Amino acid sequence: MRNETRGTIELTLAMVLSGTLGVFVVESGASPFEVVFFRCLFGAAALGAYSLLRGFFTGHGLTAKKLGLAALGGVFIVFNWVFLFEAYEATSISLATVVYHTQPFFLVLLGAVFMRERISGGKLGWLALAFVGLVLVSGVRPGDTASLKGLGFALAAAVLYALSTFVTKRITGVRPHLIALVQVLVGLPLLLPFADFGAVGGLGSGWAWLVGLGLIHTGLMYVLMYAAYAKLPTAKIAVLAFTYPAVAMGVDWAVYGHHIGLVQALGVPLIVLASLRVTLSGSRSGSRSDSGSRSGSRSDSGSRSGSAPAPVASPAPRTAGHVPEAASPVSTRAV
């Protein structure tokens, strides 16, 4: 089997698994804080065991600064999960997932605010198109407070996801599995004050869903994603990432009978198209920047002086003497 074909299968499977996450959250019967806490707990066990078996802790490449950045990204990613799962409860898995996919636009805005990156006229146009799609998808009517609340939770999750991406993409020379492990470990003390362990005592079969979230959606799914990144071009990664919302909408309809209306359906392709264009545009500019940096300096120090780091969605380098760059859980629009 060709390397790229195998990567395509791995990433597609990862995105399909990601699309089923909403069912695991709802069926667990636990509140979002408890769901995320146990996802972090079981996910840490899965990622830690895998990293240990693969020998990733040897020559890990973590420094105090990189560890701090990974931890900060973990704070954002953990509360991103909480808000997204709150959105599932307030609206539906379908609506929350589609709105959640406005993340690339918030990343563009963060770059403009903190890195003074110029937003081109083309990107502004795609941002405007995505906003139109968001208005159509929301389907919020006056007095529909539940939908408004869910929309707000999903947008908050998207902002936090973008913040995590913004921070984590600046970590180089560390295996993505270890960054993900740091992030879920951060979630344990972070969520401890919010978790009601008395409430989860009587979950019964709900525990199986919680364990699945950790082992399947945080262990297996991330391992598949990271394996695929090293085999695929960025453009293909960006396209395949949209398997996730497609599966999520299909599963939401098949299991819970939820579907979006005709007007809402008109907004979905607008958000998908705009998001894809902005993502691909960002990866092309990142590649040019990275290329310029390499031509200007052949130092193998693991840093890129004078240029912004390449996007985390870029495939990891396949060199024997250098560990792959960071590709955390925020590398694609998977949760």
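The expected span of a helix is 1.5 Å times one less than its number of residues. Keep that in mind for the opening stop.

Before you click, note that this is a predicted model, where local features need pLDDT of at least 70 and side-chain atom pairs count only at pLDDT 80 or more, while totals for chains, interfaces and linings use all residues. Residues are numbered from 1 along each chain as its sequence is written, and side-chain values use heavy atoms, leaving out hydrogens and water.

**Helix α3.** Select residues 32–54. That is helix α3, 23 residues reaching 32 Å from first C-alpha to last, close to the 33 Å expected at 1.5 Å a residue. (Helices here are DSSP runs of H or I with at least four residues, numbered from the N terminus.) Now click on G55, which follows α3 and has a positive phi, near 75 degrees.

**The core.** Next, pick L11, W81, L84, F85 and Y88. These have the most contacts inside the largest nonpolar core, a set of 63 residues. A nonpolar core joins buried Ala, Val, Leu, Ile, Met, Phe, Trp, Tyr and Cys residues through side-chain atoms within 4.5 Å; buried means under 20% relative accessible area, exposed over 50%, and partly exposed in between, using a 1.4 Å probe and protein chains only. Helix α11 (residues 206–229) gives the most to this core, with nine residues.

Zoom in on L11. Beyond its neighbours within four places in sequence, L11 is in contact (heavy atoms within 4.5 Å) with M225, A228, Y229, L232, I237 and L240. Apart from that core lies another, of eight residues, including A70, L178, V182 and V186.

**V211.** Stay on helix α11 and select V211. Is V211 buried or partly exposed? Its relative accessibility is 28%, so V211 counts as partly exposed. Setting aside residues up to four places away in sequence, V211 touches F42 and I216. Show F24 too: its C-alpha is 9.5 Å from that of V211, although 187 residues separate them along the chain.

**T102.** Jump to the loop between α5 (93–100) and α6, where you'll find T102. T102 counts as buried because its relative accessible area is 5%. Which residues does T102 contact, leaving aside neighbours within four places in sequence? They are L134, L155 and A158.

**F114.** Finish on helix α6 (residues 103–114), which holds F114. With 54% relative accessibility, F114 counts as exposed.

How values were computed. Helices (H or I, at least four residues) and strands (E, at least two) are DSSP runs, numbered from the N terminus.
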